[in-house]
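User: Please take a close look at one part of this model for me. I would like to follow how its pieces touch one another.

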Amino acid sequence: MAQFRQCPDTGLFFHKEAENLMKANAVAGVVCLLIAGILALLVVLTRWPAVHLLPADTFYMVLTAHGVCALIFWVIFFEIAILYFAGSTLLRSRLATPRWAWAGFVLMIVGAVMTMAAIFAGKSSVMMTSYVPMRAEPHFYLGLVIFAVGALIGCFVYLGTLVVAKNEKTYEGSVPLVTFGATVACIIAIFTIASGAEILIPTYLWSIGYISHIDPAMYRLIWWALGHSSQQINVSAHVAVWYLIAGVIFGARPMSEKVSRAAYLLYIFFLQLASAHHLLTDPGLSVEWKLFNTSYAMYLAVLASMIHGLTVPGAIEVAQRKKGLTNGAFEWLRKAPWDNPVFSSMFISLVGFGFLGGISGVVMGTEQISIIIHNTIYVPGHFHATVVIGTTMAWMGLTYLLIPVLFRRKMIMPQAAKLQPYVFALGMSLVAIFHMAAGTLGVARRHWDMGFAGNPLGFEYPATAYLLMGIAGVGGVIAVVGGAMFIVIAVGSLVFGEKLQKEAGLLQSFGFPLADSAYTDEKPARLPMAPSEAVEAHHDESSFEAPGTFILAMVLLVSFVIYYFINWKYLSEVWGLS
Amino acid sequence: MADENNTDEREEEKISPWQQMIDNPFLLLFIGVAMPTVFYTLWGVMEIASLPVAPY
Amino acid sequence: MTSFLPPAQKNWWAVPVGRQEIIWIAIALVWCLIMFFMMPLWHVYGNQNIANEAYKVTPAKYQAKVNEMIEKYKVREETAMKIPVVAPPDGADVYLLARLWQWYPMLELKKDVTYRLHLNSIDWNHGFSLQPVNINIQVVPGYEMVLNITPNKAGEYTIVCNEYCGIMHHSMLGKIWVKE
């Protein structure tokens, strides 16, 4: 018999097993974030030319560990928690096969520990990409495979939960938009994980000597179906989190279910093709393949992101205007709850992802422009805007939202929590912007010594590049401080936060079940459809519902156009290539 | 339509095929795996596999 | 009324879309198409494109080709390691080899002359990153890429390796001189 409790503050229903799984996955994710953050500090302090902290071998080891821990473990653990939340809690459904879900969780932990152990043993400093024929220790690959299998089980538990919810009619009509977004993330995750297995299992067999050769070009092709798509899981999931937070904080409804879901549909069709971004200067792939794939088939997935970029803030604006904040174009935004870390994290995630991550990503993914950007430190600049400002900040906002709801603890240090998103965003924006700038001057990524000290051939990047890397270093330290504030507040709240429910003890914060008394065997009432009167009010064909958002969107577009053509101009100045 | 919130079974018949597709996670799963597998992975593998050997 | 409840209409696809969204989608779609067509147009009218010429090759064969070229066109040696410098004739095939942790040999080219630059690695992945012009090409072992390059400015250029290739990655440099 599935047991549920209803959160008295939000009315959300938590299935007991799902709740514990969400907690366990979220806590595992935050632990990975903590490790990734400590490693980040070491990376930052080494790439900051004036500090240059670590020796080369340690640096490459730490960089490998940072990449794997942040880009794979942190985001995927947290994504599994989001899937269970979107599938079980939002649909008021029991989670399908909780035992399988726990098995998946255990596999993910085992895999993550195995891979991290291989890296820290020092003989697997192959970077996250582990391009063959460079060889890591076998358990580096095996750990990733085991982790992937665990995550795959999580995905199927989610799909199973959708089936259970439909069969048991726990909701009316179609699934909520947030759940749909999670489904898209889950689908992309399944392709991602399948690609990972496709390449990492043979590579594991090669590392133990069972297979004699892995083709390096094929490896790159299939590995990037893992490496890039895994970040597209984040995109789909963090857009869903934006919609969720907009709904929770403002009661905002999607401007149009049709538009938002159609945009997600474009993600399903096209988003994963962009793995080609990494192969634009590779030998052996035709121009046609590159053009089709790098542009997500004519930029249709970019179209989708631009749509979400309008409809998420647009939904907030409509909701705010309904509350009477109708003065001028931006009163709704000025009077938004900027001191609520749930909102500020989410809105910074949205703006940072669009302006810094989105624009730079499309520009660098242009077939020819990749020539002046590929493998420079521009690339980490870009993806720290997407994955850290975009995804990680959305996850942080969600964590602030869930500490009272899911963990039943009051947040500690509310003043620090208000500040935290701004500190983190400031630091990470400096990292992103100044790495991108240094990349345009040619500074290489994954490189221990931009000064090439003692090299008989001698080469010096322009002095500006050192300055830019120095500023990025300062930004990195600020970001680590912001990240540490998050960890202290989040973990501190789980341990020391005031209990909102007497059963929410220390163990319960880390995935152990609340006492049975907190739950009932009663099945939650069916999830009703959104009330429909709210929908009708807005079909005045002559005026815009969200004029302020439209202005913001046009600012984004103009920045996009200008930056895009500036890069073509840069490209046109380099040597002729054909 | 917009002005009614009617849960009659008759309503279901009018639902657009696009909505039916979006409401079907397993169809979406198929599309979401097939598209990149065909256009990215298989097409790419074929191109790399069919490269000529250096002519010297 | 929120994003976390089922849509208010069962048949939500049929709910009309507001004018603002339609206009934005139209604008964004036009921009997406412009961005898409910029790429093929640049292949026709632009001067910086990567053609699709590539071959499978073994390290031994490629190394032999490089040595053959060095024998023919070597003009001097550089540094204590006596790395050969090659000055190929106009329009020649130039074979550049990447290995742990060196770009081999060094090249002396002429401004505004087009060469067929062959790139290959005989061990791991490397990254051809020509500075300060900032041209970056992936070099994959077993695959020889041919690029027609036309230097447009005289000077001394450095090839940095920008694909991580092991413990001495950061020391992997090469040189190209471009003369008037």
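Analyst: This is a predicted model. The part to start with is the contact between chain A and chain C, to which chain A brings 97 residues and chain C brings 79 residues. On the side of chain A that touches chain C, helix 10 of chain A gives the most, with nine residues. Sorted by class, this side of chain A holds 59 nonpolar, 24 polar and 14 charged residues.

Now back to helix 10 of chain A, which covers residues 296-322. Its axis and the axis of helix 7 of chain A (residues 229-250) come within 10 Å and cross at roughly 5°. Angles under 35 degrees count as roughly parallel, and therefore helix 7 of chain A and helix 10 of chain A are roughly parallel to each other. From helix 7 of chain A, the contact uses V239(A), W242(A), Y243(A), A246(A) and F250(A). From helix 10 of chain A, the partners are H308(A), V312(A), A315(A), I316(A), A319(A) and Q320(A). Among the residues of this contact between the two helices, nine are nonpolar, two are polar and none is charged.

Note on methods:
Residues numbered from 1 in each chain as written. Chains lettered and ligands numbered in written order. Predicted model: local features only at pLDDT ≥ 70, side-chain atom pairs only at ≥ 80, totals over all residues. Axes fitted to C-alpha atoms, helices over the stretch in contact; angles between N-to-C directions. Helix = DSSP H or I, 4+ residues; strand = E, 2+ residues; numbered from the N terminus. Parallel < 35°, antiparallel > 145°, perpendicular 65-115°, else oblique. Contact = placed C-beta atoms within 7 Å. Nonpolar A, V, L, I, M, F, W, Y, C, P; charged D, E, K, R; others polar.
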